[in-house]
Amino acid sequence: MRAPSSHAKLPGMGAVRTKAAWRAVNRAIPRAIATLLGFLAVIALVKTAVESQWADGWPAALLVFVGAFALWWPAIFIHELGHAIAAHLVGWRVWIFCVGPFVFELHPRLRLSRGALLEHDVGGFVLPAPKTAAQNTQWRDAVISAGGPAASFAAAALVYPYALALDGGAEIEQVLAGALLAFSASSLACAVLTAWPHAGKTGRPNDAASILRKIGARPASPLTHGAALMHYGLDPKHFDPWIGAPVANAIHQQTTLAEQFVEAIAQDDVARAQDLLQGAAGDAVQVMRAYLDACIANDAAGGEAKLAALGAFPAGWIIGARLRQLALVAIIAASGERDDAAKRLTRLAQDISRDSTHPHWNALIDRASAQLQSCA
Ligand SMILES: [Zn+2]
């Protein structure tokens, strides 16, 4: 899998139902094949466990269970490695490499990612981005998407004959043969799941589907690449300049907008605050809209929905984080958890009292505590 970088076009209403049915069938076929391959992998492990003297004194079922679990992750690892190698070959930078629960940042230095807690609905993913504008081409992107399934097919095809050749040898070779057969089947399952074009239930395209979507489409903008990187908690100051400069510019614009917004709220000029957001878009604007809903219009549900649709803020974007906290205070108070809301507000007030650079914040805190009192 690859991390998402583009959105599907909305289909016309008339075709929606047929398309949904087709999508469900199209999703079921590769899954059925992969499940069958999974069974074959388990059978190979069962056969090995039953025939092996190593299983003596060990519950064979446990051996099979551990074996099946242990061989699925190498198959995913090989698949993601295929994406990463393809990215390297076309000159893109690999920012994140994830297998199972382990999410690694590779740049500027290898470390476990702060985005590790982010949910991802696939066994693993690789997040690459072009180093320069000239490299930002669709064919490179497509090659990277193809690298995963290609590696899975290659691993399955290379390991299978080797496993057959080992079978019938000494005890240890038989165990190895069973493990390699199971790995080959797992890798083939991985290949089928990603090379058969379909979208998951969330609408996220798999590798083959994202290649098809790239045909004739324009390359992602530097801001789109930047947003994908920030979504996984990467700091814009490390971005390559062709992405970093427009991102820094956008953050600067958002910060200026947010400062004007806070000033307008502090002066009780809600109309001006609303005017500022006219026609604007992005996470910064979303958090300001959430604030307006939750704290000004007493629409906790509306505010909550807008907060839920938020991506990740760039590291250290304090204004956004504070507005989000204030919206949360109102939402939590509206749900009846007044004590929790009051605690959050107190913590935020303490944090703000240490920072004298933004005098308007005290007015927003006062407004929030007045609101808390009134709903007591
Ligand atoms: Zn993939």
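**Helix pair and sheet, term by term**

Strand β4 is mostly covered, with 6 of its 6 residues buried. This is a predicted model, where local features need pLDDT of at least 70, side-chain atom pairs count only at pLDDT 80 or more, and totals for chains, interfaces and linings use all residues. Residues are numbered from 1 along each chain as its sequence is written.

Q: Why are α7 and α8 called roughly antiparallel?
A: Helix α7 (residues 241-266) and helix α8 (residues 270-277) pack at about 160°, with axes 7 Å apart. Angles run from 0 to 180 degrees between N-to-C directions, and over 145 counts as roughly antiparallel (under 35 is roughly parallel, 65 to 115 roughly perpendicular, the rest oblique). The pair is therefore roughly antiparallel.

Q: What makes β1 and β4 a pair?
A: Two strands pair if DSSP finds at least two bridges between them. Strand β1 (residues 93-99) and β4 have 6 bridges, in the antiparallel sense, so they pair. R93 has A129 as its bridge partner in β4, while V99 stands opposite G124.

Key:
Helix = DSSP H or I, 4+ residues; strand = E, 2+ residues; numbered from the N terminus. Buried ≥ 20, exposed ≤ 12 C-beta atoms within 10 Å, placed from the backbone.
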